[in-house]
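I opened this entry to go through some strand pairing and then the nonpolar packing. My notes follow in the order I looked things up.

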Amino acid sequence: MRLGVVAVKVILVKLSSSQYSIKVLGTYQVAATYPLAPPSTLVGSLARSLNLLGLCGSGVGSWRDKVNDCINKVRNMVWRVRDSSVLAKDGYALATKYPVTIRVLRGVLEEDRMPSSKDEAIEFMDAMVREFIISHPRFIIIVPRSDDYVKDLVRASWLIGRFGNSESYVSVSSVETFEMHDCSVDEVNVVIKFNPNYIIGGNYIVSKAVDEGGNKELFVFPVSSHQRGDVYYPSKVRVKGSAYCVGDKVFIPKGDWW
């Protein structure tokens, strides 16, 4: 699917106020979080939703096979799924982050087993610092590969309940579909790949993340922190050429480079 060739319906999901932690690639002891959800996180959220609807993961073997089946289902249905810095109500900071010290059973992950006794459970435990984000209501955008997938993706979007780790929760307050249309703007406000051939300027944060297909890429997050590192504000990214409008608030690039 190419936006420059085929116009499809686009799904706009409004998130309520949310609290989440999505670990930045490469962090370990102090788990820094992304300000917005990277594409892979959104794919995982939709995969869970499709499973709850019974649309994937049935009769495919182990739990890992079920996860992979649902992830592949989402990848077949979705061309782009991206977070945005578009607030449901203007005039607010987008989000603030803060550190939390949590106790984890690190040994379960490192040894791939549960502790065999109370004493071993204590040995498995470790404390770590993890950053969390509290966000005002905002929008994410889903671009299906075909209009045939819109109905199921709308149903799945209502069931999005988690970003990032198991302590992170989000909720959905509305799901709408729109037709994309040309508009006379050259700024976008969704997460896009860092491509200096197309990005002209703007206020943003660059970080490595994983795209819809599972590939590690540099991504541009359309937020700024000004002089404070713990508060994020909505921003836009200037791109070559004009953008598509989704409704009257969300702007996405033309072409397939993003």
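I began with strand 18 and strand 19 (residues 250-253), which run antiparallel and are joined by four bridges. This is a predicted model, so I keep that in view because local features need pLDDT of at least 70. I looked up the partner of Val246 and found Val250, in strand 19. The hairpin of these two strands leaves three residues between them. There, Gly247 takes a positive phi near 70 degrees.

Next I checked what else strand 18 pairs with. Strand 18 (residues 243-246) also pairs with strand 9 (residues 181-183). The sense is antiparallel, over three bridges. I noted Cys183 opposite Ala243 of strand 18.

Then I turned to the packing. Which residues touch the most other members of the largest nonpolar core? I listed Ile11, Val13, Leu46, Val78, Ile142 and Phe163, out of 42 residues in that core. I then looked up which elements supply at least two residues each; among them are strand 1 (9-15), helix 2 (63-77), strand 4 (78-87), strand 7 (138-144) and helix 5 (150-157). Helix 1 gives the most, with five residues.

Leaving out residues up to four places away in sequence, Val13 touches Arg138, Phe139, Ile140, Ile142, Ser157, Val172, Ser174 and Val175.

Last, I logged another core, apart from the largest one. This other core has 26 residues, including Val143, Val188, Val190 and Ala243. Ala243 had already come up opposite Cys183.

Conventions
Residues are numbered from 1 along each chain as its sequence is written. This is a predicted model: local features need pLDDT of at least 70, side-chain atom pairs count only at pLDDT 80 or more; totals for chains, interfaces and linings use all residues. Side-chain values use heavy atoms; hydrogens and water are left out. Two strands pair if DSSP finds at least two bridges between them. A nonpolar core is a set of buried Ala, Val, Leu, Ile, Met, Phe, Trp, Tyr and Cys residues joined through side-chain atoms within 4.5 Å. Buried means under 20% relative accessible area, exposed over 50%, partly exposed in between (1.4 Å probe, protein chains only). Contact means heavy atoms within 4.5 Å.
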